[in-house]
Amino acid sequence: MDTVLTKIQKESEHVMRFYFEATDRNVLQFVPGQFVIFTIPGLAEFQNTRSYSIASAPGKHAQFELCISLNPNGIATPILWKLKPGDHFEMSEPQGNFIMQNAPELETVFICTGTGIAPFRSMLGHLLENGNPSKPVHLIFGNRFENDILYREEFEKLAKEFSNFHFHPVLSRDANWIGTKGYVHQVYQQLFADGRDARFYICGWKDMCSDARRNLKEMGYNRQQYFFELYD
Ligand SMILES: Cc1cc2nc3c(=O)[nH]c(=O)nc-3n(C[C@H](O)[C@H](O)[C@H](O)COP(=O)(O)OP(=O)(O)OC[C@H]3O[C@@H](n4cnc5c(N)ncnc54)[C@H](O)[C@@H]3O)c2cc1C
């Protein structure tokens with residue numbers, strides 16, 4: 001699909017929010033959790049695509065947001081940092097199977113680090129659109145420093161507004177942080193120490209995802225209860 005970049009907004013030191021609009025339709029249909037494949041300008045064919053989860057919830061419009069972290073040694077992201085609003089880009093249709101299972105009677109747990117937040121922001125927006133969820137929804141969001149917490153104000157506001165939405169930021173390197181220190185794993189290990197049924201969604205880089213997979217398995221959960229999206 002043809003898209004136009006409408007706005008770029010700095011979200012943290014290394015992360016930008018890129019706002020796009022599909023130009024060939026009035027409404028962009030997608031399921032929260034899906035990603036698009038971005039054709040990066042200026043790179044040779046067969047080397048010029050990168051996947052990005054849609055970070056916004058679907059709506060009755062063709063706009064969508066990507067939340068992208070700069071890899072200074074990478075091939076694609078330094079190019080993305082030079083894009084200008086008004087430029088047009090080719091992207092695939094939204095795709096992917098990392099979507100919420102229909103289990104409203106169960107607790108939902110989103111576990112991520114860094115830009116792994118993108119699909120969960122989309123899912124949360126969609127989920128909370130219909131009011132307070134009937135069962136608790138936990139967002140366990142790991143970062144290194146306080147300034148790295150993407151969409152922080154938004155999640156804090158949602159947590160105040162919806163009594164069943166629980167935001168658990170956790171920081172690994174911030175000595176001044178008065179909240180939970182350490183890694184995402186200890187948070188769900190404590191919250192679900194009793195092994196009660198829930199649906200766990202995990203997104204981010206391989207190491208965090210494999211640790212979560214191992215931990216959840218050790219806690220007695222199976223593949224019908226946890227789902228992953230790997231960024232590498
Ligand atoms: C489903 C999915 C969703 C993602 N969502 C996000 C997101 O929301 N936000 C975000 O910041 N990142 C996301 N990523 C990661 C993103 O796709 C890129 O890997 C990241 O932006 C780094 O790109 P880079 O080119 O700068 O780094 P590089 O290190 O150059 O490349 C990163 C990865 O791209 C692939 N790659 C490298 N060279 C080539 C090549 N020549 N041809 C084809 N592939 C190559 C490899 O898998 C490599 O590990 C997602 C990845 C996946 C798979």
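## Around the ligand

By class, the shell around the ligand holds 8 nonpolar, 8 polar and 3 charged residues. Here Ala, Val, Leu, Ile, Met, Phe, Trp, Tyr, Cys and Pro count as nonpolar, Asp, Glu, Lys and Arg as charged, and the others, Gly among them, as polar. Of these 19 residues, Q47, G74, I75, A76 and T77 come nearest; a residue is near if its C-beta atom, placed from the backbone, lies within 6 Å of the ligand. The largest share of the shell, 4 residues, comes from β4.

## About the model

This is a predicted model, where local features need pLDDT of at least 70, side-chain atom pairs count only at pLDDT 80 or more, and totals for chains, interfaces and linings use all residues. Residues are numbered from 1 along each chain as its sequence is written.

## The sheet

Look next for an open sheet of 6 strands, with parallel pairing in the order β10-β9-β8-β7-β11-β12. Its edge strands, β10 and β12, each pair on one side only. Strands are DSSP runs of E, at least two residues long, and helices are runs of H or I of at least four, numbered from the N terminus; two strands pair if DSSP finds at least two bridges between them. β7 and β8 pair over 6 bridges.

## Helix α4

Which residues of α4 are buried? They are V184, V187 and Y188, where buried means that 20 or more other C-beta atoms, placed from the backbone, lie within 10 Å of a residue's own. They sit on the same side of α4 because they cover an arc of only 85 degrees around the axis, taken from the directions from the helix axis to the C-beta atoms.

Conventions
A residue is buried if 20 or more other C-beta atoms lie within 10 Å of its own, exposed if 12 or fewer, and partly exposed in between; C-beta atoms are placed from the backbone.
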